[in-house]
Amino acid sequence: MLSDQSQPVAAGAGGDLVLTGVRKTYGPVTVLDVPRLVFRGGEVVALVGENGAGKSTMMGIIAGAVQPDAGTVRVAGHELDGAGTHAAQELGITMVSQEFPLVGQLSVAENLLLGQKPGTRRFLVDWRAMDAAAQTMLARVGLEVPLRRRVDSLAVAQRQLIEIAKALGREPRVLILDEPTSALGPTESERVLQIARSHAASGGVVIFVGHRLNEVRDVADRIVVLRNGRLVADLAPEVATEERIVREMVGHELANAEQLDRPEAEAPLVMRAQALEAEGLGPINLTVKAGEVVGVAGLMGSGRSRLLHVLMGSIPSSGGTMNLAGKTYRPRDTADAVNAGVALIPEDRKVQGLLVDSSLRWNGTLVVLRRIARRGLVLTPRADRSKSREIIASARVVCQTPEQPARSLSGGNQQRLIFGRWMAARPHLLLLDEPTRGVDVGAKAEIYRLIDEQRRDGMGILAASSELEELLSICHRIVVMRNGMITAEFDRSEFSKEAIIAAAAVDRVPA
Amino acid sequence: MSTTTSVQIQEAEQAVAVSNTPLARLRRLLVDTPEIGIVVAVIASFAIFTSINSDFSSGAELQNLGVDLSGFAILAIGESFCIITGGIDLGVGSLTALFAVVAAWMNVSLHIPVFLTFLLVIVCGALWGLGHGLLITRLGVAPFVVTLFTFIFAAGADEALAPNPIPVTSSVFLSIVGSTVAGVPIAVIVLLVIAIGAWFVLERTYIGRQIYAVGGNAEAARLAGIPVRRRITVVYMISGACAGVVGIIVASHLTSGTADSVSGWELIAIASCVIGGVSLIGGQGRMIGVVAGAALLVVLRDGLVAVNVNTYYQSMVVGAVLLFAIVVDRLRVIRLERSGKRVRRVAEVKAASHVPPEDVN
């Protein structure tokens, strides 16, 4: 395989996948600009990069789901004309990702052969032929499950393997595995790596998008690193140490060393969790001081959101203790959490945060209704209106009237409205899940300002984010999560992008 | 740059600017409070029926109309609570029939005093609703399915309890429908009390606002610390209690515990809500609309009888009104969404014009 790599291969020869001059911009932002990239048949090529580096865009373009602004994608000399995923499938490109999920209510065999009709009968389902075909497909990934089992009754790892079996069943020339091991344990992960290797060995192109660097080094014949939409390194495994990969991913920018005044040393703790456990989480030890911003870093699926939801009482904890502002804290539900002084600004504004069809007034006063109600029950229009104006003003929501529906606001303004909602409740602990997802740059700065104001007011803040830059600039401390546990903790004086990415992505277990 | 921005702002604002012609004002009023349209429809159809048959607005006819309305409207009020949370209660018709029989049976066969009978029936209704609520919130059964059980089960239970009608003799019992205060049947007064109470709970208490929030977005409501399960449970209790009240009114009206005339009332209750502007998706709807929706159905039903229209045309007319209400509601929502987009554009242009000074220079 190494000899393969050293040979210059003519463009479009054999089963190669060749990207030429591929570019994609969204508005003023260039998210991908790759002059030339060749994936050779018989190779596993790992694609790595930070969030937003352009991996998903590149995969989307190859799989036909994203239309590039310029450039061509060729497989074995045939050009992908960009007319959707069908065209890509015709060329033998198959992607395993969360975007083409299995149908939970159907059986294993039905899922594997969805859209195909094995056997010779014209109208009826030929169960015997179907079973035989499905069994062969499962054997290729070394999975043994009953063919008649409903897919939604299977474990995540088994489903992932079925997805891969389904993809392999299409006999692809180009197999794209998009973070195929993120939900898997070590044994299943190893099996997926083997499948990738054997598919390459049979002459196919395998593109492996990965976050776990040890796996990437283990499986890949080449490691391609993207940063800010550009191809910054194309490394052979011999030279690709984990340090090198991380350095290429991060670039040479220094962590934001801007000063952030610290909470007082003797500031009281607002949250102290000890040996906290829940399904897929923990044991976790964590403290947040009054006036402190603590960041939670980690890859997707590392348990960031889960931790916040357990603290909010939205997911039940199964063990350990929590102490909120000096009192024992055991929320049975979110109502308990709100009463005790905990607030959560969730990840998905529209699904988890807003009543999109209701007015800003209703959205704003939602968590303080009882406080503004007379005798704790009667809601007078006057109190409701004046409180909602106060909330809109304090969070600097740009709007025409408090009576306009929340859907009429831009993303940044919607997020500010939710901030205002919780600021009015004056919680001890504010939990932020992706506080600036989907808002533009100006609105981001505004939200950071709101966070800063709350911190100065003495609120303790725990912020989970997939944008490391964000955490580096707003946090006093960052804890790093992996597999539901906190694996590292960094004080602001020790902040280093490399170290944090390494802690999030590299398994510490020595080989 | 600054001039183009101000022009843009002006243009954008003109797009949402409030024009003040009487017609535009009327249209805005109708968009903001769709209930007014239904009230107008009720009055118009009443006037039309009266002009054809002047007896329709006679005192006795009006009292009849009022009694019919009280049954439909109280059921519709209970139903509207469920629909506002995004659920539905299919059981109210069968429960009304069952409670009519139970009320008569308790009072006549068990010799329970009238007022205690009323209280017990209403409590039974609330408890039945509690059962619905618990099955929905604890076991996660869909409201449609849970209340479908009641729809079927209760329809059989009333006949099992009393194969023959139980004649009610208590004068107090019969006075609910039979007596009037200042010309207004007691049943109508009961309706007024319940309607005002329901309005107060929904619009003037924090619980009401939380009920709307649950229907608008249950997950957001939960994460905002609203006890979603309790709110869902309580609306089914309210609906069950309303069915109990209507059961008493029906028994009093027919002077016996029998239930044949009640079939299909759950659908009339749902139709009243929809006509009254309660969104079946949840989160929206007001009491005045619900009562007006029920009133429109009652006026159409009794009015068509009064002008001698054949009974099978009645259903067709009611169906047509329902369709009309649904179409008008959708048009209104689409219009609102469009104006929402325009409002957002103004905000965006304005926000864009707040450029930092160094950029302007």
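Start with β16(A): A:Val342 and A:Leu344 point one way from this strand, A:Ala343 and A:Ile345 point the other way, and all are buried. Keep in mind that this is a predicted model. The predictor gives the complex an ipTM of 0.83 and a pTM of 0.75.

**The six-stranded sheet of chain A**

- β16(A) belongs to an open sheet of six strands in chain A, ordered β16-β17-β18-β13-β19-β20, and the pairing is mixed.
- The edge positions go to β16 (342-345) and β20 (485-491) of chain A; each has a single partner strand, so one side of each is left without a neighbour in the sheet.
- On average, neighbouring strands here are turned by 20° against each other, direction ignored.
- β16(A) runs parallel to its partner β17(A), with four bridges between them. A:Leu344 has A:Leu431 in β17(A) as its bridge partner.
- Strands of a sheet pair through backbone hydrogen bonds, either parallel or antiparallel.

**Helices around that sheet**

- Helix α16 (411-425) of chain A lies across β16(A) and β17(A) (429-433), and runs at about 180° to β16(A).
- α16(A) also packs with helix α15 (381-394) of chain A, at an angle of about 115° and with the axes 8 Å apart. The crossing of α15(A) past α16(A) is right-handed.
- On the α15(A) side you'll find A:Lys387, A:Ile391, A:Ile392 and A:Ser394, which meet A:Gly420, A:Arg421, A:Met423 and A:Ala424 of α16(A).
- Sorted by class, the residues of this helix contact are four nonpolar, two polar and two charged.

**The four-stranded sheet of chain A**

- Chain A also has an open sheet of four strands, in the order β12-β11-β14-β15, with antiparallel pairing.
- This time β12 (281-289) and β15 (327-328) of chain A stand at the edges; each has a single partner strand, so one side of each is left without a neighbour in the sheet.
- β11(A), residues 269-278, and β12(A) are joined in the antiparallel sense by six bridges. A:Arg272 sits opposite A:Thr287 in β12(A).
- Helix α10 (304-311) of chain A packs on this sheet and touches β11(A) and β12(A), its direction making about 70° with that of β12(A).

**Where the chains meet**

- Across the interface, 26 residues of chain B are in contact with 34 residues of chain A.
- Helices α10 (206-216), α11 (218-223) and α15 (311-353) of chain B each supply at least two residues to the side that touches chain A. The largest share, eight residues, comes from α15(B).
- That side of chain B has 11 nonpolar, eight polar and seven charged residues.
- How much of α10(B) is buried? 10 of its 11 residues are, so α10(B) is largely enclosed by the rest of the structure.
- The buried residues of α10(B) include B:Tyr206, B:Arg209, B:Ile211, B:Tyr212 and B:Val214.
- The cover over these buried residues comes from both chains: it includes α13 (360-364) and α14 (369-372) of chain A, along with α4 (59-84), α9 (186-204), α11 and α12 (228-254) of chain B.

- Chain B has 16 helices and four strands, and 46% of its 361 residues are buried.
- Of the contacts in chain B with a separation of 6 or more, 79% are between residues 24 or more positions apart.
- Chain B has a mean pLDDT of 85, with 85% of its residues at 70 or more.

Methods
Residues are numbered from 1 along each chain as its sequence is written. Chains are lettered from A and ligands numbered from 1 in the order in which they are written. This is a predicted model: local features need pLDDT of at least 70, side-chain atom pairs count only at pLDDT 80 or more; totals for chains, interfaces and linings use all residues. Two residues are in contact if their C-beta atoms, placed from the backbone, lie within 7 Å. Ala, Val, Leu, Ile, Met, Phe, Trp, Tyr, Cys and Pro count as nonpolar, Asp, Glu, Lys and Arg as charged, and the others, Gly among them, as polar. Two strands pair if DSSP finds at least two bridges between them. Axes are lines fitted to C-alpha atoms, for helices over the stretch in contact, and angles run from 0 to 180 degrees between N-to-C directions. pLDDT is the predictor's confidence in each residue, from 0 to 100. A residue is buried if 20 or more other C-beta atoms lie within 10 Å of its own, exposed if 12 or fewer, and partly exposed in between; C-beta atoms are placed from the backbone. A crossing is left-handed if the near helix is turned anticlockwise from the far one by less than a right angle, and right-handed if clockwise.
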